[in-house]
Amino acid sequence: MPQIDYSQKIPNNVDLASDKRLQRALESWQPSYLEWWNSVGPSDFNTRDVYLRTAVDVGAEGWAHFGYVRMPEYRWGIFLQPRDEKRVIGFGDHMGEPAWQQVPGEYRNALRRIIVTQGDTEPASVEQQRLLGHTAPSLYDLRNLFQVNVEEGRHLWAMVYLLHTYFGRDGREEAEELLQRRSGNADHPRILSTFNEPCEDWLSFLCFTMFTDRDGKFQLLALAESGFDPLARTCRFMLTEEAHHMFVGQTGVARVIERTCQVMKDHPGKDVREYGAIPLETIQRYINFWSASSTDLFGAEVSSNSANFFGAGLKGRANEDRWTDHRAMDETYAMERFVDGKLVKEDVALRNAMNEVLRDEYVKDNEKGIEYWNRVCERTGVGFRFSLPHRRFHRKIGEYAAGHFDLQGKPIDEATWNARIAEWLPSAEEKAYVKSLMIPCVEQGKFASWIAPPAKGVDGKPVDFEYVKS
Ligand SMILES: [Fe+2]
Ligand SMILES: [Fe+2]
């Protein structure tokens, strides 16, 4: 496995120079990518020096190099985890066979669809976040936003590499399409609905990186098990980048909570809005919205697609090696289905429940984030406790989209839903208040009124470091 070659136009560790045709194809996609970045990425900041990390080694340790970079000059490249020559498929009907180095003909369409769906989320999130730079609460946060943006750009490169290398002409067409669809565009939207939701304020951004990027983590974990080896190796490296995005979300929301708790402590009985902080109830409603929307991304509870993907060895479970039966042929999954307005217990064939199995892991991970936020309340002596809405709450996809459910997952009628919606989801006034706080705060070392400074800076630098130069 060659080290990352930065002398190339497209940095890579896949020896791109030895495949001239592929190299030319990717080099001709590169200007289209930059055009996309310049038109719908964080384009107003393209001339600024940003303190960013760039991958220099695909190993688990020390893969990042930090330094000032102008975003359009970021070295987007193709980095795969080194190949394990002995790797065999770890689940499904092909279990034990050598992992595929080429796309098996019978799975070509399914694999392309999986890769395109994953790939589409990457530029979508950059588009959703494109204007946030104008209202950053600090230079530290501005830098984190841009780090997430350039890495989502790199994730797009990762998927486009697979499309160009393994799917011939239709792969190249799909790669073009990935730059054509637009988040929130009525005529040509992104594929998945969460990636068409507006993300116009920083509380939404922090919830997005907490909940939506975490969906990304679990999709990548499932694809990292794929029998198609290049996809598995690509996703393994993407996961190392994804961890930072979730860090931005989890610690970011924690800092918003910390600031509010501090104001509550210092000014008991007062409305925290008088001090420019965000009420904890509002934060909870943002959590409700973004966690529900992101929970949809796992797809339907009972899904023949998920069964086919698992059986074919295309998409496994997160950390497949922790399971005992990797064929999942005879087991069942105990599910509460929603039939004629009622919850009914049913044992579903496990392969058909693979979306739900992945969602279980996701929900568990989210619960840990909620506990982390509650520790912030505990530390400051504030009695409020956050909670994760039940997975049935406010769903648009799957079984539960057919009804209404409260935060505990209990079915309710439409009248009750309408009467209580303002309690559960952010109201227009609330959104307007959050928006009114979105005033840029980019003086070195300063933080906006609604967020506490982080515990420490990036890469051992102080919190008041000049993370983005003016
Ligand atoms: Fe990503
Ligand atoms: Fe991400």
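Visitor: Where is A328 found?

Guide: A328 sits in the loop that runs between helix 8 (304–312) and strand 3 (332–339). Helices (H or I, at least four residues) and strands (E, at least two) are DSSP runs, numbered from the N terminus. This is a predicted model, in which local features need pLDDT of at least 70, side-chain atom pairs count only at pLDDT 80 or more, and totals for chains, interfaces and linings use all residues. Residues are numbered from 1 along each chain as its sequence is written, chains are lettered from A and ligands numbered from 1 in the order in which they are written, and side-chain values use heavy atoms, with hydrogens and water left out.

Visitor: Is A328 buried or exposed?

Guide: A328 counts as buried, because its relative accessibility is 2%. Buried means under 20% relative accessible area, exposed over 50%, and partly exposed in between (1.4 Å probe, protein chains only).

Visitor: What is phi of A328?

Guide: Phi of A328 is near 55°, a positive value in a residue other than glycine. H394 is another non-glycine residue with a positive phi, near 50°.

Visitor: Where does H394 lie, and what does it touch?

Guide: H394 lies in the loop between helix 9 (354–379) and strand 5 (404–405). Not counting residues up to four places away in sequence, H394 touches F289, A292, W417 and L425; contact means heavy atoms within 4.5 Å. With a relative accessible area of 17%, H394 is buried.

Visitor: What about G457, buried or exposed?

Guide: G457 counts as buried, at 18% relative accessibility. G457 lies in the segment after helix 11 (428–436) and touches Y140, P462, V463 and Y467, residues up to four places away in sequence not being counted. The C-alpha atoms of G457 and Q3 are separated by 29 Å, although these residues are 454 apart along the chain.

Visitor: For the whole chain, how many helices and strands?

Guide: The protein chain has eleven helices and six strands. Of its 470 residues, 58% count as buried.

Visitor: What share of the contacts comes from residues 24 or more positions apart?

Guide: Residues 24 or more positions apart account for 71% of the contacts with a separation of 6 or more in the protein chain.

Visitor: What box do the C-alpha atoms fill?

Guide: Taken along the principal axes, the box is roughly 65 × 60 × 40 Å.
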